[in-house]
Amino acid sequence: MKTESLWYIFINASLINNFVLAYFLGICPFLGVSAKLETATKMGGAVMFVMLISSMCAYGIHALLVAINAPFLQLISYIVVIASTVQLVEMIIKKISPALFRALGIFLPLITTNCAILGLALFQTNKEYGFFESFIYALGAGAGFTLALVLIAGLREQLEFAEVPNIVKGTALTLLIAGILSLTFMGFSGLGSN
Amino acid sequence: MNNPISDVHKKDFFSSLKNSPSTDEFIKGLWKENPVFVQVMGMCPVLAVSNTAENALAMGLATAFVLLMSNLLVSSLRNFIPKQVRIACYVLIIATFVTITDYAIQAISVELHKSLGAFIYLIVVNCLILSRAEAFASKNTIGKSMLDALGMGVGFIFALFCLGAVREVLGSGSFFGFSFLPNDFQAWILMILPAGGFFTLAGWLLFFNVINERRSEV
């Protein structure tokens, strides 16, 4: 496999193959927590943190599982690591900022079932990334997720003041915006293919 | 269009179904609480692998199988699992069945396994399955949980199929791999790209909103 520069990995994960808009990972928080810009930013930060830790752990676990020759345990061990990381983040946020803890509400424990994080761990294993490459990949994916979340939250805040027909209100409208946003991100696909 | 006699007939049929509690658990997943169109859950696989009708159907079946088996196990173990660690237990149960499904699909068709890719693994984090385990199977008897899982599973397959069929017909001009449209049909490439997934789902949601609006007016 051709080695990719770290910069390319970052751009690829955050813009070209944005996790939310190109891979459809993490759609639930994307639709659920994107009503307010402030919450969206903090949610993005939390997800990014979980991504970094779990991607590091996934790298170690994969090496261990290859060593003891038990690939069928991969999925189960990844999900356990992610669940414990989320628990950790939950405790930290509860201690540092109770207000943010209440604002994120049910979506904080639901980071466990955020497909973007498990997807990240699986993709980096498939692509056979080394330690630093995995770290950069996680950083890029987290940045891309936060970017998409912030963009759609900003758009939704603006649309609060617009008068839309009854039938379009709610999820349908958010999906339409997401579709247009996804079209916009397709413009990045030429990047880095020289 | 509206034949009053047949309408009355239909209402009787549905109300007779509604009176029996067990069919009610089944029916609600199909329409009233459809996991995709009403609860908007498990969106990632819905959007990602619905680019052809075949992929959509396979994904729906795999998810429904995991849902059924995990609901069965969660419901039968509901008196043994301590409350504090229940979510971790559910996730472990689900992950086990997903691993089984993954190996099964690989054995049945390598090609299908390739086209679904990582999304088979990602069934683990499908919020639909975890939420049914938490909200229903952990509180109800085995029989009821099975019916609930069947209803939700069929509802999920139905929704995935709706999306997959539309996207394949418009995006590649074929249905289950057979092209039936005239040769000069220009395929809408957009529909098989990511953006098409968002637009198609938005379209279906609009369609159901219109129907519901009409109904509430009458």
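Student: How many residue pairs are in polar contact across the interface of chain B and chain A?

Tutor: A polar contact is a pair of N or O atoms within 3.5 Å; within protein, one must be able to donate a hydrogen and the other to accept it, and residues adjacent in sequence count only if both atoms are side-chain atoms. Here the rule finds one residue pair, both at pLDDT 80 or more. This is a predicted model: local features need pLDDT of at least 70, side-chain atom pairs count only at pLDDT 80 or more, and totals for chains, interfaces and linings use all residues. Residues are numbered from 1 along each chain as its sequence is written, chains are lettered from A in the order in which they are written, and side-chain values use heavy atoms, with hydrogens and water left out.

Student: Which elements of chain B touch chain A?

Tutor: Helices are DSSP runs (H or I, at least four residues), numbered from the N terminus. Those giving two or more residues are α3 (43-48), α5 (86-108), α7 (127-137) and α10 (194-217) of chain B. The largest share, 11 residues, comes from α10(B).

Student: What classes of residue make up that side of chain B?

Tutor: Ala, Val, Leu, Ile, Met, Phe, Trp, Tyr, Cys and Pro count as nonpolar, Asp, Glu, Lys and Arg as charged, and the others, Gly among them, as polar. This side has 29 nonpolar, four polar and one charged.

Student: How many salt bridges link the two chains?

Tutor: A salt bridge puts a side-chain nitrogen of Lys or Arg within 4 Å of a carboxyl oxygen of Asp or Glu. Between chain B and chain A the count is zero. Over all chains it is three. One of them joins Glu38(A) and Lys42(A), with the closest N and O atoms 3.2 Å apart. Both residues lie in helix α3 (residues 37-68) of chain A, four residues apart, about one turn of the helix.

Student: How much area do chain B and chain A bury?

Tutor: Buried area is the accessible area (1.4 Å probe) that two parts lose on being put together, summed over both. Here that is about 3100 Å², 86% of it on carbon and sulfur atoms. Cys44(B), Val125(B) and Phe198(B) supply 21% of the area that chain B buries against chain A, more than any other three residues.
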